[in-house]
Amino acid sequence: MAPSPQRTSTSRERGRRRSERSHRAIIAATQELLVERGYREVTIEGIAARAGVGKQTIYRWWPSRAALVLEAYLSGADAVAPPAGGGTTRQEIRALLDWLIAVLAEPTGGHVVAGLVGDLQNDVDLAEGFHRDVVPARREGMVAALERGRERGDIRADAELEIAVDALHGAVFYRLLLSGEPLDADFVESLTRELLSGLAPAPA
């Protein structure tokens, strides 16, 4: 005898709830292990054991360890609300830099990005996801703030705003990945000042 539509619908709903619980458990386990052990020491086996699922469940949703770590990183980054905007051009740029650095300071932030960047060269799917889900979110708000600054007359009309954003992010990630110098308030203030000085219109 064929199952009734009501029974089939109920079974499907239970399966969906189990899948959602498993998904949340896997992301939470990944974040916990990233904090406890660091990017290099996190394994699919460890995540599966912590989440109480089989490895096959993880591989059903994520093609690689790096892809799972990327989603866990993005989930953690979402916990830091971006600035609301408003204020002067200098205030907007400072607020966006403060937000970026706050995201990187999260327990699943900077060191995870450092690990992921190292894997981008060898993982095409990871690189595609990183460039799709991470890079635009970091750039769009900054470009928009600089465009508003140009409308206010704080930035010259011929300024290359995309290059300016590259310079801002380059300075932050140079300190994060290479020099180890602090990403502190003095750095944010100096970076904002020097960038806007270079973009300012020539004196009349």
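Me: Why is Gly85 called partly exposed?

Reply: The relative accessible area of Gly85 is 48%. Buried means under 20%, exposed over 50%, and partly exposed in between (1.4 Å probe, protein chains only), so Gly85 counts as partly exposed. Gly85 lies in the loop between H4 and H5, where helices (H or I, at least four residues) and strands (E, at least two) are DSSP runs numbered from the N terminus. This is a predicted model, in which local features need pLDDT of at least 70 and side-chain atom pairs count only at pLDDT 80 or more, while totals for chains, interfaces and linings use all residues. Residues are numbered from 1 along each chain as its sequence is written, and side-chain values use heavy atoms, with hydrogens and water left out.

Me: How do you know that Thr30 is buried, and what does Thr30 touch?

Reply: Thr30, in helix H1 (residues 5–37), has 0% relative accessibility and therefore counts as buried. Contact means heavy atoms within 4.5 Å; apart from residues up to four places away in sequence, Thr30 touches Ile47, Leu68, Val69 and Ala72.

Me: What makes the approach of Thr30 to Ile26 a polar contact?

Reply: A polar atom of the Thr30 side chain lies 2.8 Å from the backbone oxygen of Ile26. The definition asks for a pair of N or O atoms within 3.5 Å; within protein, one must be able to donate a hydrogen and the other to accept it, and residues adjacent in sequence count only if both atoms are side-chain atoms. The 2.8 Å separation is within that limit.

Me: Why are Glu36 and Arg50 said to form a salt bridge?

Reply: A salt bridge is a side-chain nitrogen of Lys or Arg within 4 Å of a carboxyl oxygen of Asp or Glu. The closest N and O atoms of Glu36 and Arg50 are 2.9 Å apart, so the pair qualifies. This pair links distant parts of the chain, with Glu36 in helix H1 and Arg50 in helix H2 (residues 44–51), 14 residues apart. Glu32, Glu36 and Arg50 are linked in a network of salt bridges. In general, side chains of opposite charge can pair when their charged atoms come close.

Me: What makes Arg175 and Glu181 a salt bridge, and which of the two is buried?

Reply: Their side chains meet at 3.7 Å, N to O, which is within the limit for a salt bridge. Arg175 has 19% relative accessibility and so counts as buried, whereas Glu181, with 38%, is partly exposed.

Me: Why is Val103 of helix H5 called buried, and what covers the buried residues of H5?

Reply: Val103 has 1% relative accessibility and therefore counts as buried. The cover over the buried residues of H5 includes helix H4 (65–77), helix H6 (110–120), helix H8 (135–152), H9 and helix H10 (185–199). Leaving aside neighbours within four places in sequence, Val103 is in contact with Tyr73, Ala77, Val80, Gly109 and Arg138.

Me: Why is Leu178 called exposed?

Reply: Leu178, in helix H9 (residues 161–179), has a relative accessible area of 65% and is therefore exposed.
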